Amino acid sequence: MCGIVGYVGPRDCSDVLVSALTKLEYRGYDSAGIAVFDDSLIKVAKSKGRLKDLIDKMEKEGKPSGHAGIGHTRWATHGEPSDINSHPHSGKRVTIVHNGIIENYKELKQFLLDNGRQFLSDTDTEVVAQLLDYYYDGDPINTIQRTVRDLRGSYSLGIVFADFVDTVYGIRCESPLIVGKGKDESFIASDVPAIINYTKNYYTLEYGEIAILKDGSVSFCDLYGKPLAKELKTADWDEKAAEKAGYEHYMIKEIHEQPSAVKTTITPRIENDMVNLTECSITDEMLKSFDRIFIVACGTAMHAGMVAKYVIEKIARVEVIVDIASEFRYRNPLITSKDLVIIISQSGETADSKAALKLSKEMGAKTLAIVNVKGSSIAREADMVIYTHAGPEIAVASTKAYMVQLSVMYLFAFELAFSKGKITKDKYIEFTKALASTPEYIEKTIEEVKDECQYISTKLLNADSLLYIGRGLDYALSMEGSLKLKEISYIHSESYAAGELKHGTISLVTEQMPVIAVVTQNDLLEKTVSNIKEVKARGAVTIVICDEHANIGNDVADYIIRIPQINPLLMPMLAAVPMQLLAYYTSVNRGNDVDKPRNLAKSVTVE
Ligand code: F6R
């Protein structure tokens, strides 16, 4: 997803912008550019490709030199990745960078063409630059206000006006934008990691709010120019948390951070072996009142919801419907005021999940957000929020965020089951104690299976397609294993309920198709083993992930990855580890850009 930065202060602006953009690389991009006030004139440098290409270009053609400007990494939506389509885009007196989508850009472009404007690029962004220019009346706020009135979509903008030298404007309309404040300097950025090397202090802009960065200070107003007082926040992590700390990739670093992320997330919420979610405004009375639960999310977060469904239905006996946010929002779902809708999101800014939350509220349901990013849109808009404490997740492929989402869903499930009287106090304590011990077992799992996963990944290297199979909780987990592998290795893979294979999909199985089976649920072991035998008999290389005591031998599996045994309900938190590692090493072996897989963005803030 595109990344915006802006800077006003005493440092070399081009250097700050490029360094801040480096920290947003994780969002995914295909071109980059900056615009800086150089001798009171706005100078633009932009290039298709990586930031390195932009730096090389500036070395050859001259780097803009000054103390105020804006920068951008582009993830192409309108128009192919090219120098021309890269941001910044300009009108005569206005230059902008843009994150998000302008839905009505075609009609606005026609209006501007009819008024004699000409366009260089295929982007919706240039339409905004030209529209700002069209409305420009010497007053930046008035100009922004008139322009925003015409725009439809979700977006944020960084803007510089030629007549307002060394001043940067930022506006948020849905797509996230934060404003950093250091000593004598200020920043705008799409996300906090961009500025964390310079300052930990930042403001979060809300919809329709404008930031004005000038003379080392920052002020805020609404679209009508009314000044706003905003609360300064402080990031509770530093630049080290957003760096690789000696690991080759962020993904492997984040896999190793899982034990501490889970510990930080669950420890404050377990007191005397009992779950305490009252700080999140979740009370027993309220839990008792829900008839049904919807869990709505996208991608990995939705997969965490799938695991939660099996757990909640099993121990709390409450019906759980898991929905893909992009489907939920358009199918007029049957929600009532007696339902609880849980939105799971690492970023808290995913467009479809946000829309699902809005719809649920409109339909009268109570809403609970499980979110990693503090103060994000979903966290602010839901009735209740449980924060996961994974710290910044930089790799596009989610690992630690998934793990902490699982841990929170377990806390919730235990509390719900106990409040509803579906489990005894002894059982409840047994579960919470087992959950409290997962960080040490996750750590043990990582250490025990790392080398084996690295070795087994060499057997997947040349596969064109793979199958993940499992039953029950193992099926829910294999969905995530399959997604992880395909998104970073680019090998096609599917997850299948093991018992469903015979109803069609087994016809795909040959010696060319490895099958990864997850078998952590002993009550279903024999059934899944039969399914593994069926695929093995058709020539598939079989890789089994099971617990250390499982009665599975080499007659069934070509490779066995054994993980520690804990309470069966919690096994997904351990079995996720070899799946992440298999995906990671396969991607490394194939020479892929592990942390920034092609075509993907970390945070999907547009539909
Ligand atoms: C895959 C991945 C995505 C996200 C999805 C939702 O590794 O990270 O599938 O889980 O885009 O993002 P959030 O959780 O930010 O709403």
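**Exercises on domain contacts and ligand surroundings**

The centres of domain 1 and domain 2, taken over C-alpha atoms, are 34 Å apart. The model is predicted: local features need pLDDT of at least 70, side-chain atom pairs count only at pLDDT 80 or more, and totals for chains, interfaces and linings use all residues. Residues are numbered from 1 along each chain as its sequence is written, and side-chain values use heavy atoms, with hydrogens and water left out.

**Exercise 1.** Describe the interface of domain 1 and domain 2.

*Solution.*
1. The bounds, from an automatic or database domain assignment, are 3-241 for domain 1, 244-436 for domain 2 and 449-590 for domain 3.
2. In contact (heavy atoms within 4.5 Å) are twelve residues of domain 1 and eleven of domain 2.
3. About 970 Å² is buried between the two domains, 45% of it on carbon and sulfur atoms; buried area is the accessible area (1.4 Å probe) that two parts lose on being put together, summed over both.
4. Three salt bridges cross this interface, the criterion being a side-chain nitrogen of Lys or Arg within 4 Å of a carboxyl oxygen of Asp or Glu.

**Exercise 2.** Identify the residues closest to the ligand and state how much of the ligand the protein buries.

*Solution.*
1. Of the 13 residues surrounding the ligand (a heavy atom within 4 Å), the closest are Ser345, Gln346, Ser347, Thr350 and Glu487.
2. A polar backbone atom of Gln346 lies 2.6 Å from a ligand oxygen atom.
3. For Ser347, a side-chain N or O atom is 2.6 Å from an oxygen atom of the ligand.
4. The ligand taken alone exposes 400 Å², of which the protein buries 89% (Shrake-Rupley method, 1.4 Å probe).

Terms used: Polar contact = N/O pair within 3.5 Å; in protein donor to acceptor, adjacent residues only side chain to side chain.
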